[in-house]
Amino acid sequence: MVLGACATWSLITAAVHGGRPEGVLLAVLAVTAGYAAGRILGELLPVAAPCAAAVAGLSLTLALPRLVPGPETVTPLGHAGATAAVLTLSAGAACCAAWGTPVPALRLGLRLLAGGMAVAGAALGSAIAMVTCCAVLLCSLAAGRMPHRGRGLAGLALAAAAVTGLTWATAGGALPGGLASSLEDQLTPRRIDLWRDALDLARHDPALGVGPGRFGELSPTAVQATLSDGKPHSAPLQMAAEQGVVGVLLLAAAFCWTLFALWRSVRPTPVVLSAGAALTGLAAVAAVGNALSFTTVSVGAGLLAGLATARPVEPAPRPASSRSGRTALRSPGDRPAA
């Protein structure tokens, strides 16, 4: 229902302002397909499937280190944002597989694989990937000592809200001078200008926004740039500018529904919290970059959520056997012949 509402609202805002909802519809389709595949593979192969997903994500980033549909705009979160997102999800999948296997040696190897994601991020020049992958690994290790998943998921939700709020405060100029200058140096002034343009467009029409896909043609910063991908490089601000308050609420609802599905999952708590940490890391990267603009990232997010909420097929119990080794087919009321 949440994903259907996201698709429907994008069509409504596009009809009102003449926008292009294809990007939102493709993202919704990618998340849905990934989630369905994750549920199926998680039921059949609860350990092998996330392990294969982790290896595939690492291989993809090493083979295609610049996951960008267009030119780079700013550093360090141009192509690095997509790379960080894929590596973060891959680290989460490796941690889920580690907690799902009973073999100690395999568990250690999978955790080393998750740590290797951070090393790969550093080698590819993505500092944010190194930070998020290390955070996912540490959260996964700490999850083994957390008996109640509700508190852990609540903490992850607060972390995602804090990063989003910091992004919004930076765009609105509500931060102290020293902190604002430090963030501007890290994120570059041009990115901050894109955020401010997005916030101005959201204030212009807070109900419906300017229409999906129209930020690039209405943002002064994007129009004046020689090379631009037409995005504000912040998922919440892009939704606010293009689809209004309702779009932001639907984006938040999708993330909250994912955490709720993890809370209701039958998988062990460490598996759930490992996946939740990776998805929270993705939310943080998407709040300050354009990670959700890539189909690979959308599919990976849905796949990891599906793997962590799947119901693994339990082996059928063996039938009772008689002393002679033959299967006993008698009903409970039957008695052996005298």
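**View 1. The whole chain, end to end.** Starting at the N terminus, the elements of the chain read α-α-α-α-α-α-α-α-α-α-α-α-α-α. That makes 14 helices and 0 strands, where helices (H or I, at least four residues) and strands (E, at least two) are DSSP runs numbered from the N terminus. What you're looking at is a predicted model, in which local features need pLDDT of at least 70 and side-chain atom pairs count only at pLDDT 80 or more, while totals for chains, interfaces and linings use all residues. Residues are numbered from 1 along each chain as its sequence is written, and side-chain values use heavy atoms, with hydrogens and water left out. Of the chain's 338 residues, 46% count as buried. Here buried means under 20% relative accessible area, exposed means over 50%, and partly exposed is what falls in between (1.4 Å probe, protein chains only).

**View 2. Helix H5 alongside helix H3.** Zoom in on H3 (residues 48-63) and H5 (residues 104-123), which pack at an angle of about 20° with their axes 11 Å apart. Axes are lines fitted to C-alpha atoms, for helices over the stretch in contact, and the angles run from 0 to 180 degrees between N-to-C directions. H3 and H5 are therefore roughly parallel to each other. On this scale, angles under 35 degrees count as roughly parallel, over 145 as roughly antiparallel, 65 to 115 as roughly perpendicular, and the rest as oblique. H3 and H5 make a left-handed crossing, meaning that the near helix is turned anticlockwise from the far one by less than a right angle (clockwise would be right-handed).

**View 3. Helix H5 again, now with helix H6.** The axes of H5 and H6 (residues 127-143) come within 7 Å and cross at roughly 165°. So H5 and H6 are roughly antiparallel to each other. The crossing of H5 and H6 is left-handed.

View 4. The structure holds 4 salt bridges, each one a side-chain nitrogen of Lys or Arg within 4 Å of a carboxyl oxygen of Asp or Glu. The idea behind them is simple: side chains of opposite charge can pair when their charged atoms come close. In this view, Arg 20, Arg 214 and Glu 217 are linked in a network of salt bridges. One of the contacts joins the side chains of Glu 217 and Arg 20, at 3.5 Å from N to O. Glu 217 sits in helix H10 (residues 215-218) and Arg 20 in the loop between helix H1 (2-17) and helix H2 (22-44), so this pair ties together parts that are 197 residues apart in sequence. Glu 217 is partly exposed at 44% relative accessible area, and Arg 20 is partly exposed too, at 42%.

View 5. Follow H9 (residues 189-204) and you'll find Asp 193 and Arg 196, 3 residues apart, about one turn of the helix. Asp 193 and Arg 196 form a salt bridge, with their closest N and O atoms 3.9 Å apart. Asp 193 is partly exposed, with a relative accessible area of 31%, and Arg 196 is partly exposed at 36%. Another salt bridge pairs Arg 203 with Asp 200, the closest N and O atoms being 3.8 Å apart. Arg 203 and Asp 200 are 3 residues apart in H9, so about one helical turn separates them. Is Arg 203 buried or exposed? Arg 203 is exposed, at 56% relative accessible area, while Asp 200 is partly exposed at 44%.

View 6. Ala 207 sits in the loop between H9 and H10, and is partly exposed with a relative accessible area of 46%. How far apart in space are Ala 207 and Val 246? From C-alpha to C-alpha the gap is 7.0 Å, although 39 residues separate Ala 207 and Val 246 in sequence.

View 7. Glu 43 lies in H2 and is partly exposed at 28% relative accessibility. Glu 43 and Thr 309 are 266 residues apart in sequence, but 9.2 Å apart in space, C-alpha to C-alpha. Also in this view, Ile 40, Leu 44, Leu 45 and Val 313 form a nonpolar surface patch with about 400 Å² of accessible area together. Patches are made of residues with over 30% relative accessible area and no salt bridge, joining like charges within 9 Å and nonpolar side chains (Val, Leu, Ile, Met, Phe, Trp, Tyr) within 5 Å. The accessible areas come from the Shrake-Rupley method with a 1.4 Å probe, and for residues only the protein chains shown count as cover. Val 313 is in the segment after helix H14 (295-309), and is exposed, with a relative accessible area of 55%.
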